[in-house]
Amino acid sequence: MQFYLDGYRPGDPFLEEPHPSVADRPEGLPEEVDVLIVGCGPAGLVLAAQLANFPDVTTMVIDRRDGPLEVGQADGVACRTVEMFEAFGLADQLIAEGYWVNEVSFWRPDPDDRSRITRTGRIQDVEDGLSEMPHVIVNQARMLAYLRGSMERSASRLRPHYGLHASELTVDPSGESEHPVTVTLQHLADFRETGRTSTVRARYVVGCDGARSGVRTAIGRELVGDLTNQTWGVMDVLAVTDFPDIRLKAAVSADQGSVLIIPREGGYLVRIYLELDAVRDRDMLENRSVTPEKLAAVANRILHPYTIEVKDVGWWSVYEIGQRLCDKFDDVPAAETPSRHPHVFIAGDACHTHSAKAGQGMNVSMADAWNLGWKLAAVLRGTAVPDLLHTYSAERQEVAAELIAFDREFSRMFSAAPKEGGDSGDDEDIDPERFQRYFAAQGRFTAGVATRYAPSMITASPEFQDLARGLPVGMRFHSAPVVRLADAKPVQLGHVARADGAWRLYVFADRSDPASPDSRARALCDFLVSEKSPIARHTPAGADPDSVIDVRAVFQQGHRDLPVDAMPAVLQPRKGRFGLVDYEKAFCPDPAAGDIFDLRGIDRDAGCVVVVRPDQYVAHVLPLDAHDELADFLAGILVDAR
């Protein structure tokens with residue numbers, strides 16, 4: 001991460017100087033904001049952390065709680081989410097603190113004595129090369145604390161307002177108001193009404209307020225789907241056990257029920273998901289008399305002949321599995337999309353719910369928020385056209401539908417009775433080996449890297465995909481190792497992308513020396529500093545030249561073979577009040593870790609330019625000489641700043 005651009009100052013360089021607007025911020029609640037975020041869960045705080053990077057966007061975050069979440073709830077952090085946290089500068093802390101899910105073990109009834117369980121398999125959790133980031137386990141409360149810390153260190157100094165409930169929401173249909181959404185806030189104490197209310201007017205409101213979302217209700221959306229007849233208990237415990245896989249993620253499918261064991265960070269804590277049986281556990285289900293002691297008894301019943309003695313319970317809960325989905329994630333009826341822009345959005349559990357066992361809820365919710373956050377910032381700051389906001393619901397509703405279909409099958413197979421004597425294909429009973437194969441086959445989905453956005457105004461058709469076969473259009477930009485030219489530092493190319501709202505052009509050079517007249521990469525770089533360049537067209541006056549479109553280049557030559565002072569001007573932009581040179585734009589392959597051109601299937605003869613969205617998804621792949629096509633694509637999204 002770069003700092004000291006506008007002058008050296010002592011102290012923590014990651015603590016940004018407060019924006020001037022912070023000093024002018026009024027005491028108490030604001031009357032008008034650009035964005036009001038309802039809910040301080042994973043979706044709400046990712047959105048807030050993204051918008052906090054733009055102090056010229058006034059953001060307010062509220063929650064019904066009296067303060068931050070302290071324990072419990074989701075804990076699985078997919079590889080893709082860790083990649084996202086890297087863009088916020090939070091991945092190192094997350095990786096250092098979390099439990100790494102390296103392998104998964106599978107257990108089923110012993111064929112010789114079905115009252116006992118036996119291990120049937122053990123597989124790698126994430127396939128090699130899928131991501132440079134691990135799958136980790138960290139308490140949701142800690143994830144939220146990381147995000148609040150990012151907000152508080154930002155130039156916005158953004159902090160949530162607790163003890164507030166959005167009780168009423170109306171949208172001015174005239175389209176004439178600058179702040180068309182009016183929200184009535186009830187002041188709460190210990191979740192009880194105090195009788196005091198406030199009113200806030202916003203340009204945009206985002207409901208991240210959970211499965212019982214009041215924002216969703218206010219815009220006439222509803223969750224559609226079914227609750228299953230499956231009830232699960234979950235508890236975080238410190239325990240003594242002779243179960244040998246207590247420090248591995250373990251899926252147990254037994255005649256006595258199903259258990260999912262998730263080791264937690266710290267070396268001792270473990271999370272146990274327990275299927276409660278409608279017959280065996282009928283009494284406590286009907287009488288709602290579930291206790292941690294009863295859940296521990298269920299665990300011992302399923303894990304036989306092993307035992308587990310619970311010494312301490314950090315958190316526990318009971319929930320029913322349900323897969324439900326909204327048909328649209330904003331306030332604009334489908335028929336009015338061509339003539340109206342949305343002003344109210346929903347994200348996370350407010351628009352999709354599912355089971356916890358596949359570990360996708362928190363991850364998909366945070367991905368919703370990042371997808372929306374950069375789009376809101378771009379429209380509010382005047383760098384992108386308002387039509388961009390329609391792409392949020394279109395993209396994320398499809399992802400949620402895929403998730404629910406996966407979760408339905410995953411939950412069914414996990415809870416199905418283990419078949420004796422092999423799998424006949426019967427849908428009622430599942431051979432645990434079949435579940436193990438399904439788990440392995442769906443690894444890309446659970447890692448969060450299977451999402452592929454359909455063609456739209458921000459995702460082109462894959463006409464030139466052969467130029468970069470390993471970077472599919474519509475999928476996340478898959479990072480790879482490179483060496484930074486200026487200082488010979490080995491880095492991950494994907495890690496240059498911060499959550500700063502900038503589009504990125506990754507120029508993968510052809511074989512020619514970049515200083516030679518026949519270099520197509522050089523010709524593209526020269527175009528990018530010309531008057532016809534999309535950089536000149538879309539960068540506001542006074543802004544840094546890479547603030548809207550950030551250009552990076554990867555050359556095929558070794559890092560000792562290219563002189564830094566011969567690099568094109570677009571790869572050495574002058575920035576900040578002193579006009580300092582940014583030397584961190586040019587890279588070369590890292591043969592010791594794997595050549596990026598081979599790893600990502602880049603055509604060495606032709607080269608290419610890969611256009612990447614602010615949320616790290618590939619928007620386009622183009623030939624190096626497709627200057628006009630590149631400019632036209634970006635012109636359909638970004639505002640002409642001239």
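Salt bridges between domain 2 and domain 3: the count is 0. Keep in mind that this is a predicted model. What does that pair of domains have in polar contacts? The count is 4 residue pairs, both partners at pLDDT 80 or more. On the domain 2 side that touches domain 3, the classes are 2 nonpolar, 2 polar and 1 charged residues.

Now the contact itself. 5 residues of domain 2 meet 5 residues of domain 3. The two domains bury about 330 Å² between them, with 41% of that on carbon and sulfur atoms. Which residues of domain 2 lose the most area to domain 3? They are Gly129, Leu130 and Glu132, together 81% of what that side buries. The C-alpha centres of these two domains are 47 Å apart.

For orientation, here is how the chain is divided. Domain 1 takes 32-88, 138-226 and 323-403. Domain 2 takes 99-133 and 229-319. Domain 3 is 465-636.

Next, salt bridges in the whole structure. There are 47. Start with Asp75 and Arg271, whose side chains meet at 3.5 Å, N to O. This pair links distant parts of the chain, 196 residues apart. Asp75 sits in the loop between strand 2 (59-63) and strand 3 (76-77), and Arg271 sits in strand 15 (residues 270-276). Buried or exposed? Asp75 has a relative accessible area of 5%, so it is buried. Arg271 is buried as well, at 1%.

Then a local pair. Arg282 and Glu286 form a salt bridge at 2.9 Å, N to O. About one helical turn separates them, because they are 4 residues apart in helix 7 (residues 282-286). Arg282 is partly exposed, at 49% relative accessible area. Glu286 is exposed, at 55%, since the cut-off for exposed is over 50%.

Another pair is Glu309 with Lys311, closest N and O atoms 3.0 Å apart. Glu309 is partly exposed at 45%. Lys311 is exposed at 53%.

There is also a network. Salt bridges link Asp500, Arg504, Asp546, Asp550, Arg552, Lys575, Asp582 and Lys585.

You will find it in helix 9 (residues 361-380). Its relative accessibility is 2%, so Ala377 counts as buried. What does Ala377 touch, leaving out residues up to four places away in sequence? Leu51 and Phe54. Asp56 is 321 residues from Ala377 along the chain, yet their C-alpha atoms are separated by 9.4 Å.

Methods
Residues numbered from 1 in each chain as written. Predicted model: local features only at pLDDT ≥ 70, side-chain atom pairs only at ≥ 80, totals over all residues. Heavy atoms only, no water. Domains from an automatic or database assignment. Contact = heavy atoms within 4.5 Å. Buried area = accessible area lost by both parts, 1.4 Å probe. Salt bridge = Lys/Arg side-chain N within 4 Å of Asp/Glu carboxyl O. Polar contact = N/O pair within 3.5 Å; in protein donor to acceptor, adjacent residues only side chain to side chain. Nonpolar A, V, L, I, M, F, W, Y, C, P; charged D, E, K, R; others polar. Helix = DSSP H or I, 4+ residues; strand = E, 2+ residues; numbered from the N terminus. Buried < 20%, exposed > 50% of the residue type's maximum accessible area, 1.4 Å probe, protein only.
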